[in-house]
Amino acid sequence: MNAAPALRIVRIGFATTIQDRGRSGLGHLGVPTAGAVDRHVHDQMNRLVGNSSEAATIETMGAFVVEALRPVVVATSTDGHRHTLAAGARLRIDAPANSVWAYLAVRGGIDVTPVLGSRSQDTLGGVGPPALAVGTLLAIGSDPGTSLDADHAPPRAPTNDRIRLWEGPQHDWFVGGLDSLTARPWSVTSELSRVGVRLDRGEFRQSARARMTMPSIGLTPGAVQITPAGEPIVMSANHPTTGGYPVIAVVDPDDLGRLVQVRPGATVAFRRA
């Protein structure tokens, strides 16, 4: 049974969910990984408050407000600092200035009942804890008993560094293979979510190996599919379990968090891993 509530949601904000590091090993059952879109920042905020990386955080695109019902120690990625909130204090997380997704970590972790081994809310399949709403009361776990050695997180390297790509199962369906992705920068469109990120339209020529149709195949976070219109879609944490578009490449797992944080209208460039 969860402990007494420690937080109350005052404003839900945009795309606000509870996330941890996701569900692993269940893809053969059709259950996506889910979990934090940007694991690096999720882990970083947990370290600031002394949690393990497995502790659940709150992920949001901003306009989110939470109220402390008792004193709590928190860290937010919008300023990269640790704070102590007194009972009755409110914390607002606005849209990050130079990224898309923000995280709120609370010492002890957000305590909701795990589903299939994870506290993550799968926004595509509906697996996990109930959706958050205004007035939701949240408990936090036991104090981890760890020391608090730092009060701020170092900034991450610029997101416009070249994102590493590995060859996908249908890379040879396109003339030039990965070169058709690495030869130019790509603009991030406004079509982004926990499911994936759509890039602007490019010119892709099918090779002699391409088939008119293909069977649906399992996907993985970071898979880059090419639509018939020539738009690359990079799958994220809540990617579909199958898809009919060819997978030309897969983003290196260590770079996927940087890619999903690129704001609409900005560009991203790729290189071979």
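Is Thr182 buried or exposed? Thr182 is buried, with a relative accessible area of 18%; buried means under 20% relative accessible area, exposed over 50%, and partly exposed in between, with a 1.4 Å probe and protein chains only.

1. Basis. This is a predicted model, in which local features need pLDDT of at least 70 and side-chain atom pairs count only at pLDDT 80 or more, while totals for chains, interfaces and linings use all residues. Residues are numbered from 1 along each chain as its sequence is written, and side-chain values use heavy atoms, with hydrogens and water left out.

2. Overall dimensions. The C-alpha trace spans about 65 × 35 × 30 Å along its principal axes.

3. Surface and contacts. Buried residues make up 50% of the 273 residues in the chain. The accessible surface comes to about 12400 Å², and 52% of it belongs to carbon and sulfur atoms; areas come from the Shrake-Rupley method with a 1.4 Å probe, and for residues only the protein chains shown count as cover. Of the contacts (heavy atoms within 4.5 Å) with a separation of 6 or more, 75% are between residues 24 or more positions apart.

4. Secondary structure. The chain holds three helices and 20 strands. Helices (H or I, at least four residues) and strands (E, at least two) are DSSP runs, numbered from the N terminus.

5. Surroundings of Thr182. Thr182 is found in helix α2, residues 179-182. Leaving aside neighbours within four places in sequence, Thr182 is in contact with Arg162, Leu165, Phe270, Arg271 and Arg272.

6. Five-stranded sheet. An open sheet has the strand order β7-β4-β1-β10-β9, with antiparallel pairing; two strands pair if DSSP finds at least two bridges between them. β7 (90-93) and β9 (110-111) stand at the edges, each with a single partner strand, so one side of each is left without a neighbour in the sheet. Four bridges join β4 (residues 64-68) to β7, and Glu67 stands opposite Arg90 in β7.

7. Helix α1. Seven of the 10 residues of α1 (residues 39-48) are buried, namely Val41, His42, Asp43, Gln44, Met45, Asn46 and Leu48. These buried residues pack against β2 (17-19), β3 (57-60), β5 (72-76), β6 (81-85) and β8 (102-106). Asp38 caps the N-terminal end of α1, with a side-chain oxygen 3.2 Å from the backbone nitrogen of His40. Such a polar contact is a pair of N or O atoms within 3.5 Å; within protein, one must be able to donate a hydrogen and the other to accept it, and residues adjacent in sequence count only if both atoms are side-chain atoms. Just after α1, Gly50 takes a positive phi of about 85°.

8. Eight-stranded sheet. A second open sheet to check has the order β19-β12-β13-β16-β15-β18-β11-β20, with mixed pairing. Its edge strands are β19 (267-268) and β20 (270-272), each of which pairs on one side only. β15 and β16 (residues 232-235) pair in the antiparallel sense over three bridges, with Ile226 opposite Pro232 in β16.

9. Strand β18. Four of the five residues of β18 are buried. Three bridges join β11 (residues 163-167) to β18 in the antiparallel sense, and three join β15 (residues 223-226) to β18, also antiparallel. Ala249 in β18 is the bridge partner of Glu167 and of Val224.

10. Nonpolar cores. A nonpolar core is a set of buried Ala, Val, Leu, Ile, Met, Phe, Trp, Tyr and Cys residues joined through side-chain atoms within 4.5 Å. In the largest, of 47 residues, Leu181, Ile248, Val251, Leu259 and Phe270 touch the most other members. Strand β18 (residues 247-251) gives the largest share of this core, four residues. Apart from it lies another core of 22 residues, including Ala6, Ala56, Ile93 and Ala102.

11. Helix α3. Six of the eight residues of α3 (residues 253-260) are buried, so this helix is largely enclosed by the rest of the structure. They are Asp255, Leu256, Gly257, Arg258, Leu259 and Val260. Their cover includes β11, β13 (196-199), β16, β18, β19 and β20. At the start of α3, a side-chain oxygen of Asp252 reaches to within 2.9 Å of the backbone nitrogen of Asp254.
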